[in-house]
Every structure is written in C-alpha cells, then in structure tokens.
Amino acid sequence: MTQINDTSRDFRLDQEYQPQKFFKHAVYNHWDPYEDVPQQLLVDDREKLVDHGLTRDEFEEFMNALALFGAGEEAVTEDLAPLMAVLEDVNDQMYISSQIYEEAKHTQFFDRYWREVVFPVAEELGFEKVYPTDQRFFMDGYVSLFDKNEAAMEKLHEEDTPENRAEAYCHYHLTVEGVVAQTAYYGFESAFSPRADDISAREYPDLEGLIEGTAYVRSDEGRHVGFGMFKIQQLLEDGVDEAVIHETMTDLLPDVYDIFEGFELLFEADALVDYASEKFDHRMETITDTDHELPPVERLVEVER
C-alpha cells in the first residue's frame with residue numbers, strides 16, 4: 001500500500017490512479033437529490049399510483065422494495081467509516097469520502113420519495129401509513145447480509161490485514177452494491193419504466209420520478225462497484241488467496257436469494273434470483289481473471305446502468 005510519505009512520486013495525488021479517476025468522475029457527475037429529480041415527476045408518480053388502483057398487498061410490496069433501498073443506503077453511509085479510517089493513500093481516501101457523501105444523497109432521495117409519494121398515496125387509497133423503518137419490511141436474509149457487512153467493516157479496526165480488506169470489499173462493494181442493488185434496479189426498471197420486460201409480475205404505471213432518481217443512484221454505484229473490484233484485484237496481485245473471495249461471496253449468496261424470493265406481486269421472483277445469480281457469477285469471473293482490466297470509468301458506469 002502506498003504510504004503518505006512515499007517519495008516515489010512528486011505529487012500525492014496521482015491523476016492516473018484509478019480511484020482518483022473515480023473521484024473526478026464523481027465530481028463531474030454530481031447531482032442534487034432535492035432539485036435534479038423534478039418535483040412534478042413525483043407529483044405524477046403519486047397520481048399514477050392512485051389512478052392505477054394498487055391493491056393493499058401490491059402497495060405493501062412496493063413499500064417493501066423502497067424500504068429495503070432506503071435502509072440499505074442509510075446503513076452503508078454509517079458502515080463505510082471504518083474503511084475510510086484504514087486506507088492510507090490520499091487518492092483512496094478522497095474517493096471513499098465521495099462515496100460516503102453519495103450514499104448520504106441516496107438516503108435523502110429515498111426519504112424524499114417516501115414523504116412525497118408513498119405517504120400521500122397511502123392516505124389517498126385509505127391504506128396504513130407505514131414508516132420505512134418498520135421491521136415488517138426486513139426479511140432475515142437482508143438483516144443477516146447487513147449485519148455481516150457491518151461486522152466485516154468493523155473487523156478492520158481490530159485487525160487491518162489484506163484478507164480482512166478483501167472481505168470488506170466483497171461484502172459491500174461486490175455483494176451489497178454489485179449484486180443486490182443492481183438486481184433491485186433491474187426489478188424497478190422492469191416494473192415501472194417503458195423498458196419493462198417479462199420479469200414484471202403484471203402491468204404497472206411508468207413511474208418517471210422513481211426511475212429518474214434511481215438512475216442517478218445507479219450511476220453513482222457503478223463507480224462504487226468499480227472501486228471495490230479494482231481494490232480486490234490489487235489485493236489478489238499482492239498475494240491474497242483467491243479462495244478468500246470465493247468463500248466470502250459464496251457465504252453471502254443465500255442471504256441475497258432470500259431477499260428476492262419473497263417478491264411475487266411486483267416482479268417474478270425466480271427471474272430476480274436468476275439475475276442476481278448472473279451478477280454474482282460476473283463479479284467472480286471479472287475479479288479473479290488476472291488478465292481482465294476494468295474498462296475506463298465512463299464505460300464502467302454505463303455498463304452498470
């Protein structure tokens with residue numbers, strides 16, 4: 001790992017180092033969760049959901065999907081701090097600082113959507129106004145996955161080893177964001193956008209506010225996943241056993257499946273599980289292929305979207 005007092009380079013900031021490129025991309029592609037998703041789109045989403053006449057069970061599942069997103073963004077906003085503390089290179093530190101900021105923005109978007117869309121729709125349809133923190137929304141696999149993620153990050157405070165760093169990246173960047181979040185975005189787009197395909201369980205309205213917001217979130221997370229993949233590849237090159245990656249991610253896979261198996265009204269659960277499995281296999285193939293180079297950051301973000 002490059003130390004702060006490293007004299008092998010004239011500047012501490014290495015403009016050709018991948019995390020520095022990710023940081024610059026984050027700066028250039030900044031978005032505002034309050035302003036860049038127009039208020040009118042959220043108004044339209046409310047009206048469409050009311051006019052569609054969601055059943056109570058459909059609305060419950062819709063809230064469930066949103067609650068998982070919001071809680072996940074909030075959790076990782078807190079959980080990334082240990083990783084920030086152990087990274088020595090200022091380029092890595094700069095990138096993680098941008099990621100924590102972005103997770104906080106994502107939290108704000110989902111909070112805004114709940115206040116401005118979910119609550120008004122519930123009131124209009126005569127359904128219970130449930131807060132996104134209600135424990136009914138969090139299945140065992142979801143709780144287990146985020147407990148393990150928190151433990152993996154906290155472990156870095158106890159013993160900062162290359163293996164523990166690899167496990168931390170596998171938990172958060174590869175699994176939480178690279179598999180779970182990407183699968184959830186795919187489900188949302190399938191059900192609530194004109195790009196809907198056959199994994200949507202039935203026909204739902206196009207929710208442009210939701211899709212606009214999650215598109216911004218998804219673009220950010222393309223960088224997040226790319227950073228994690230880059231750092232794991234570095235660790236493998238430095239001698240971390242590939243088995244650490246395989247064992248860590250394989251241990252998390254049952255939790256991932258449990259998250260998606262319960263959805264049956266918005267999405268085809270089997271299709272979501274299959275998509276998650278494909279994402280899992282793709283992550284494993286990419287990071288363990290020593291000849292594979294990550295594409296330029298702009299292309300990587302587009303691939304993740």
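**View 1. The residues around the largest cavity of this predicted model.** The lining of the largest cavity is made up of 24 residues. Those that lie nearest its centre are Leu68, Phe69, Val180, Ala181 and Ala184. By type, the lining divides into 17 nonpolar, 3 polar and 4 charged residues.

**View 2. The space inside the largest cavity and the helices that line it.** The structure holds 1 cavity of 30 Å³ or more. The space in the largest cavity amounts to about 270 Å³. Two or more lining residues are given by each of helix 3 (56-79), helix 6 (140-158), helix 7 (162-192) and helix 9 (242-261). Helix 7 supplies the largest share of the lining, 9 residues.

**View 3. The packing of helix 5 against helix 8.** Helix 5 spans residues 90-125 and helix 8 spans residues 208-237. The axes of the two helices are 10 Å apart and form an angle of about 155°. Angles over 145 degrees count as roughly antiparallel, so helix 5 and helix 8 are roughly antiparallel to each other. Their crossing is left-handed.

**View 4. The residues in the contact between helix 5 and helix 8.** On helix 5, the contact is made by Asp92, Tyr95, Ile96, Gln99, Glu102, Glu103, Lys105, His106, Phe109, Phe110 and Tyr113. On helix 8, the contact is made by Gly209, Leu210, Gly213, Thr214, Val217, Asp220, Glu221, Arg223, His224, Phe227 and Lys231. The residues of this contact divide into 8 nonpolar, 6 polar and 8 charged.

Technical notes:
Residues numbered from 1 in each chain as written. Predicted model: local features only at pLDDT ≥ 70, side-chain atom pairs only at ≥ 80, totals over all residues. Heavy atoms only, no water. Axes fitted to C-alpha atoms, helices over the stretch in contact; angles between N-to-C directions. Helix = DSSP H or I, 4+ residues; strand = E, 2+ residues; numbered from the N terminus. Parallel < 35°, antiparallel > 145°, perpendicular 65-115°, else oblique. Left-handed = near helix turned anticlockwise from the far one by under 90°. Contact = heavy atoms within 4.5 Å. Nonpolar A, V, L, I, M, F, W, Y, C, P; charged D, E, K, R; others polar. 1 Å grid on protein atoms, 1.4 Å probe; cavity = no way out; pocket = protein on both sides within 12 Å on 5 of 7 lines; lining within 4 Å. Points joined across faces, edges and corners; volume = space filled by probe spheres on them.
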